[in-house]
Amino acid sequence: MAARKRASSTSASNKPDESAPNSAPSEQKMTRNASGEEFRLAPPKLGVIFVISTLLCSLYLYLLCFHYKVENELRRSILINAGLSLIGFFVTLKMIPVAARYVLRRNMFGFDINKRGTPQGEIKVPESLGIVVGIVFLIVAIIFQYFNFTEDSNWLVEYNAALASICFMILLGFVDDVLDVPWRVKLVLPSFATLPLLMAYAGHTTIVIPKPLVAYVGLEVLDLGRIYKLYMGLLAVFCTNSINIHAGLNGLEIGQTVVTTAAILIHNIMQIGSSTDPEYHQAHAFSIFLTQPLMATSLPLLAYNWYPSSVFVGDTYTVFAGMTMAVVGILGHFSETLLIFFLPQVLNFLLSLPQLAGIVKCPRHRLPRFDTATGLLTGTKDGTLVNVYLRLFGPKSEKSLCIHLLVFQTLACAFCFILRYFLAGWYK
């Protein structure tokens, strides 16, 4: 993971591998008058978002309303949450240009290393727009409590604890964007952010032993006690930082989040539809209540961050998205499935481990090398999935490479569903 450096008005800095900046000079260059009040931002790529959202929503609503028998009260809560999330989508879409004006006014901008040597690489692009997504997400999640939870609800405490952890991570991510926190410190920050969740967690601390191992362990269910909470904390640390280091291309950070959250939503509906346990239903519904707002507020930012990107998401978004998915995996009790959804991030982490551990020299930026003559990216010797993919399959344009990696993310999620189908009844 490379450290983030915030650009200043007097010296240009390059964009590190945690973000995916790019912009077109004719459309996205920020222009301000003498008072610094005006600027132009490229319109969002709503066509891309429309195609993605139409496909995902059609499948999701079909499973929720027609394919599976979901009790009416639970379906009503999910649809109310979806409605509030839709409002959050439009609010986020409206607020991103407004926030871009303010962060640019405070000299929070970056340059695209992947466009170095071209006019596009000299454009100042607003940084840390993930703060808009985080704020709107929290507002939607808090307002939803009015429609779903009663004062004596057993889930209300854990719901608010989850929001506190997510809010804490948004704050720490924004602090990182502003103060340029070293990457070693970033590994520790999620540990503090998970404290509200760990302290309020009242769920089970047991794991189901895989059936092939029951004869050797002698138990079908093993209570881990406090070790389980340690595992929860480590999972949050991994998810938060794994999104942050698998980055560096236009739309990659948000794209992988959208793909994974779509898989999480489908998984939750499938589990609700295949079970009759009310407690099991509530756990997966809890996950849906936080995942729907995450996807809805992420899509507008993807519209601005997709190639060619006109805003940068910043560490604020990557750590917020990672923490949110960790929280829904923990409280939804499907952490194993979540890790399979995160297969590309796990692979990227393993490839990065020698550099992260200091065994191999870790440069500040671990991005591919941009060839100004061809406009293509070529892989370096750095241990990231982006570079390894380029070394294996040859130079590619930034947009093409991002699409390939998102297809890989989709295949990893599909592999998880196939794996669960074949192992059902045998593994657990």
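Tutor: Start with α2 and α11, which are roughly parallel to each other because angles under 35 degrees count as roughly parallel. This is a predicted model: local features need pLDDT of at least 70, side-chain pairs need 80 or more, and totals for chains, interfaces and linings use all residues. Residues are numbered from 1 along each chain, and side-chain values use heavy atoms, without hydrogens or water.

Student: At what angle do α2 and α11 pack?

Tutor: Helices are DSSP runs (H or I, at least four residues), numbered from the N terminus. Axes are lines fitted to C-alpha atoms over the stretch in contact, and angles run from 0 to 180 degrees between N-to-C directions. For α2 (residues 46-67) and α11 (residues 252-273), the axes lie 9 Å apart and the angle is about 10°.

Student: Which residues of α11 meet α2?

Tutor: Contact means heavy atoms within 4.5 Å. From α2 come Ile-52, Leu-56, Leu-59, Tyr-60, Leu-63 and Leu-64; their partners in α11 are Val-258, Ala-262, Leu-265, Ile-266 and Ile-269.

Student: What volume does the largest cavity have?

Tutor: A cavity is a set of points on a 1 Å grid, over the protein atoms alone, where a 1.4 Å probe fits but cannot get out. Points are joined across faces, edges and corners, and volume is the space filled by probe spheres set on them. Two cavities reach 30 Å³ or more. The largest has about 50 Å³.

Student: Which helix gives the most to its lining?

Tutor: Lining residues have an atom within 4 Å of a point. Both α5 (154-179) and α7 (189-193) supply at least two. With four residues, the top contributor is α5.

Conventions: On a 1 Å grid over the protein atoms alone, a cavity is a set of points where a 1.4 Å probe fits but cannot get out, and a pocket is an open set with protein on both sides within 12 Å along at least five of seven lines; lining residues have an atom within 4 Å of a point. Angles under 35 degrees count as roughly parallel, over 145 as roughly antiparallel, 65 to 115 as roughly perpendicular and the rest as oblique.
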